[in-house]
Amino acid sequence: MASFNSNEWRAICDKFTNAQNLTEIESRNDPENDPFRSKYKARELLREIYCSLKNFEAGEGEEEGGGESGDQRPTEQPVDGQREDLFGQGFSGDSPAGLRAAKLGAVEYYLGVNHVDTEELPAGQEHLMNCMKLLERCRVSSPNVSLFIHVRNQLGILWAGRDETETAQGFLETAESIYQRYMKEDGSPPTDMTEYFAAEESLLTHQERIKRFELAYTHTMYYLAQVYKNLGQTERAATYCHTTLQRQLQLNQFTPMEWALNAATLSQYYITKGRYMEGRHCLSAATVISDLAGEVPSEAAAQENEAESERREHLRQKRAEIARCWIKYCLNLLQDAKKQLEDNIGELDTDRQEELKRARRREEEEEEKGRKSALLFGSEDTFDSIASIEEKVMCLFPLDFTEARSVFLVGQNHVTQAKDYFQMDGYVTDHIEILQDHSALFRSLAFFEEDLERRCKMHKRRVDMLEPICNDLNAQYYLMIRRQLMFELAETYNEMMDLKLALANRQADTQSLDNHTIKKFNHLCSASAKYFQMFLDSLCSPEGKFPERLEEEVLRPALVARFRVARLHSRLISTSPTVQLDNLNKSLENYKYVVQYCEANPEAGATVETELELSKEMAGLLPLKINRLKARMASNN
Amino acid sequence: MTSVRVAVRVRPLNKREKQLSSKVIIHMKEKTTTIQKPTVRGDELKGAGKTFSYDFSYDSFDRRSPTFASQEKIFRDLGFEVLKAGFEGYNACVIAYGQTGSGKSYTMMGPSVRSSINLHDKGLIPRICEGLFWEISHRSKSDAVMFHTEVSYLEICNERVQDLLKKRASPTDDGGLSVREHPRHGPYVENLSKHLVQSYSEVEGLIILGNAKRTTASRGVNDFSKRSHAIFTIMFTQVWCDAEPLYETVSKIHLVDLAGSEKVDPTRTVGGRLKESADINKSLVTLGHVISALADLGAGVSTTKQIFIPYRDSVLTWLLKDSLGGNSKTTMIATISPADVNYMETLNTLRFASQAKNIVNSPTVNDNGSMKVMRELQSEVTRLNQLLKEATQVGHEVPLSSVDVKEELNETKSLQAVALTKNRSSTWRETLNILQEETVTLRKEGSGVVLDCCLPHLIGVGEDLQSTGIALYYLKEGRTIIGKASCTQDIVLHGPGLLSVHCVLENIAGTVTLFPQDGALCLVNGSVVTDPCQLTQGAIIQLGKGATLWFNQPTASQLRLKYQSGLPSVFSPSVTDSSNSTENLSKAMVQNRWYKDAIKLTALVADECKPGLAKILTSAGSATNVN
């Protein structure tokens, strides 16, 4: 740089600062009809810098004697991965030639980004590739490693935008490995590209250098997450999102609530994959970090001040959303455990339970190992609080009632919390979804409950929370939700009916059912049938006509409802032959519907295979039963 | 009834595209739309096309083409359905989606409402409104229906809702309106102004007003539609005045003009799980989108897992909840440019449209408990088959009785104790059949059940041994023949000494006269009658040796009253004052401590051709007490 006198150099530095300012600050105020005004100005300045550097290089090149001859390389585009060792060959980063290449490369880089930003992609690509070419001559080292990574990040984005995801992947993965190797072999705080054009006195502190370098790499991680997502490698994508979050936390580059929500959302991904340990970790971290966003302003404070009011609303909403993520965690954990433990009619399989309990010890060891190798969140001060939240709820499948209950209670706490914000008045859909989850929590817990009486009470709780809402909601606006509720209520009543019968049979093995039990049984049975019928009625046209062809999304539910109605009618207990006959006829009619519908629409059969098979059987057998009843009635008259 | 129809419409090349001598890369054939990837130099092979199928593909590229889709055609295909839904009482929603300048506003509004010189070019919104008022004027002539139409117009910009039809309350008032949901009234915008409209021109005026406000509200010129969504809502109420009680339907028709697709991420605007674009989000601020998309992908793979994804809902999704998850007919029109320069945007639009059916995040119904039911039923089927098999082994002649015995054994246990329990709901339906004849009503009074009948009638009190119930025979105007079972009589009685035509009762304006037939034994209040005899309230009639009937006659004045006020609803007690009812209205009260819940009514006669009689039996008639 000796040939630049200090004034010339200072002018270059000023131009650079100016260009940066135009790009990052001024451009935000550009008018709609001239949106790139500042960026174009910045581009001009960058071009001038480029020319100055180039002129100077030409002059100096003569002095050094043919430095340019080394440039006569084959012109094919350097694609990452072709060069074997970016660390072993080329100019050292702090040699004059190396520095010169880096500076010129940096200007090419900024020009490239400028063109991309102004929607001139081919030109942008050319500049970025020029930067790549210049760097090719250099060894990765502290003065240039940041540029090595930045330019690859930009090329990654560029190629991904063209649907050439693999090319993007190449650039980004190289950036990743450059970072890792640099940190392993060198690790000193690298020069930031802005420092190439900064006066001695305004060089960055080590801390600031590290911060900027790490941020560039965080972006690499984030871009790779997207690339893997676009390539369909969701698991890898999730890992990279996880790493991105982890780095944000470690480097203290995050806003608490936003981070917490992202972590909570990531937990939902892990839940879908059955990875409850990771899910729990994300949620615990979300809870801890969301607290960093501060106290929720009191209602009084909110009334006095609009900003406080908005803040209150924001914090309450986000916390309620995190609570809803927790609910799903508890619910899915219980449901998955149930799937592991149930026999073919959905009852607890005690053999399986014993087997899983024996296997538990091994799992616990694995959990411990997993914890050690997992990507853990947390800085020194948050680490313990995250762990203490994790301890409050298990991440292994609950295997008995006590364990299930502990998961249930955590879920129920979050239900209360979520409902506090998502109230019925104002948030109908959200409120109901939370209630549905609450009901599902009860349903899962009931599976673990051995006492039938108490099990029945749990189902009663479900009915109590859903029934009033189902009847209260506007049928037109909330059609879909109501259908869900009707179906769930029908099934819950059915469940209660079975339990009542089982209880009665258990209590009085030899005696017949007493009047009260029969009344109760019939009530539950009719209630179940009523809600199935209500569901079916909701499919009717305004004139009350049942559709001839069922739409795809209701095909299975509708046929199942018919089937269940058929079954329920034949279970009603009555001594009156007329009533019996009536019930059996209704039953037959519904079985027949299933059979006939599937005959007319053969594709429907596949969705209700077993139901159809049984309906066929019953449609054949019931007439016999009906005839017999008729015969008996005739002989009695 | 939720259904989504998806239409794609391509516009002609615009000036700029012509200047750039753009190639046309869109081709439509029937319902399909094909997009050709622009060829890159030396890369001819990559130019393979992608074909998408929709409910409608509208080729509006060339006016002279025979397949040209005009505004009129689009209205006929899509607008008619919207109007039909509205008049049927459904909600409806039309959403226009596409890149800025792809013809969204043209499709929805037309060239410009203010200067709609060319009437043929009017867009969907004006046509739908016109159609609505045309139909209203048409219908209000013929039917007894009243119509009430209100409109509102709002804009969503940066997640803030602005009322486009309200004068600015104060210059500082830019806080935006909040969107809420009500269990009975659905989603709504708080404090949004609603404007009563009576004619199309009024609507047009409001649209112009709103559009003007939309323009001035934005900083830039002409780009208002780029960044904001606009929702024009028609709230349409129909009231049938002749119905009792008043019957009304309310339908909301949302007409939505979405912001330019290039400015918004469709996944954020309509809550779908898409945008396959390979674009990478640069800023870490968007990390949430990526994670949400991953969670969504995960949930998509495992259908049984239900998860929660925060910050998914935008204001728009929220507002359209009733259209997307309710009883609504939703139509999506995606508009596209035909030019190669817009390839990526157009492709994104087409992809979005092809998945639009999934955007309607219709919550699905999951069934959980069938497993157990099927297991039980399976064993029942096996049991029945087994019985059948055993039965047929015994002999072909008596299969049923054999099944009987076995099954009886199985069922007796539970049936023994059931004795007098019954199923109320099916009984109720039968009861209704009778009650719908509107001459009798049934109500509860204390522990009794009261049967009111506004016609003169007979109540069986006698020793009709074959019947175990109470019978009420009402007497319509004209003649009613009473006798033992054969073919001519209207009331069949059982008992010794009855002739097939035993006597005739004639009801003339509430005055009932008994005409004994020759040789028939008829007693009124204990005295034998052989000549016509007018019956009075409370008369006891004995026919033959056993059958005894009790005559009841609501007074003439009572009758008049009832006919004047129209027949009472079967569900409301006709008279509430019981002392009055004892005198004026007859009633059959069945008081039965034990069987009060077990009243069973059976309709035996409901033949309209006959002068009219119904026989109502109670199953537990042994302890009847006729009042």
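**Figure 1. Glu30(B), an exposed residue in a loop of chain B.** In this predicted model, Glu30(B) counts as exposed, with a relative accessibility of 71%. Look for Glu30(B) in the loop between strand 2 and strand 3 of chain B. Its backbone deserves a glance too: phi of Glu30(B) is near 50°, a positive value in a residue other than glycine. For comparison, most residues other than glycine have a negative phi.

**Figure 2. Asn525(B), a non-glycine residue with a positive phi.** Asn525(B) is not a glycine, yet its phi is positive, at about 50°. You will find Asn525(B) in the loop between strand 23 (522–524) and strand 24 (527–528) of chain B. With a relative accessible area of 48%, Asn525(B) is partly exposed, because the exposed class begins only over 50%.

**Figure 3. An open, antiparallel sheet of three strands in chain B.** The strands run in the order 2-3-4, with antiparallel pairing. At the edges are strand 2 (26–29) and strand 4 (49–53) of chain B, each of which pairs on one side only. From one strand to the next, the twist averages 20°. Five bridges join strand 3 (residues 32–36) and strand 4 of chain B in the antiparallel sense.

**Figure 4. An open sheet of five strands with mixed pairing in chain B.** Here the strand order is 20-19-21-22-25. Strand 20 (491–492) and strand 25 (533–534) of chain B each have a single partner strand, so one side of each is left without a neighbour in the sheet. Strand 19 (residues 478–483) of chain B pairs with strand 20 in the parallel sense over two bridges. Within this view, Gly483(B) stands opposite Val492(B) of strand 20. As a reminder, strands of a sheet pair through backbone hydrogen bonds, either parallel or antiparallel. Stepping back to the whole chain, chain B has 17 helices and 28 strands, and 50% of its 627 residues count as buried. Among chain B contacts between residues at least 6 apart in sequence, 62% join residues at least 24 apart.

**Figure 5. Helix 20 crossing helix 23 in chain A.** The axes of helix 20 (residues 552–571) and helix 23 (residues 609–636) of chain A come within 10 Å and cross at roughly 35°. The crossing is left-handed. On the helix 20 side, the residues in contact are Arg556(A), Val560(A) and Phe563(A), and they meet Glu611(A), Leu614(A) and Ser615(A) of helix 23.

Figure 6. Glu48(A) and Lys15(A) meet through their side chains in a salt bridge, at 2.8 Å from N to O. Glu48(A) sits in helix 2 (residues 37–64) and Lys15(A) in helix 1 (residues 6–24) of chain A, so the pair ties together parts that are 33 residues apart in sequence. Glu48(A) is partly exposed, at 35% relative accessible area, and Lys15(A) is partly exposed as well, at 26%.

**Figure 7. Asp192(A) and Arg212(A), a salt bridge from loop to helix.** The closest N and O atoms of this salt bridge are 3.1 Å apart. Asp192(A) belongs to the loop between helix 6 (165–185) and helix 7 (206–230) of chain A, and Arg212(A) to helix 7, so the pair ties together parts 20 residues apart in sequence. Asp192(A) counts as buried at 7% relative accessibility, whereas Arg212(A) counts as partly exposed at 31%.

Figure 8. Glu488(A) and Arg462(A) form a salt bridge in which the closest N and O atoms are 3.0 Å apart. The pair links distant parts of the chain, with Glu488(A) in helix 18 (residues 479–507) and Arg462(A) in helix 17 (residues 452–472), 26 residues apart. Both Glu488(A) and Arg462(A) are buried. Elsewhere, salt bridges that share partners join Asp498(A), Arg567(A), Arg571(A), Lys625(A), Glu376(B) and Glu380(B) into one network. Over all chains, the structure holds 49 salt bridges.

Definitions and conventions: Residues numbered from 1 in each chain as written. Chains lettered and ligands numbered in written order. Predicted model: local features only at pLDDT ≥ 70, side-chain atom pairs only at ≥ 80, totals over all residues. Heavy atoms only, no water. Axes fitted to C-alpha atoms, helices over the stretch in contact; angles between N-to-C directions. Helix = DSSP H or I, 4+ residues; strand = E, 2+ residues; numbered from the N terminus. Left-handed = near helix turned anticlockwise from the far one by under 90°. Contact = heavy atoms within 4.5 Å. Pairing = 2+ DSSP bridges. Salt bridge = Lys/Arg side-chain N within 4 Å of Asp/Glu carboxyl O. Buried < 20%, exposed > 50% of the residue type's maximum accessible area, 1.4 Å probe, protein only.
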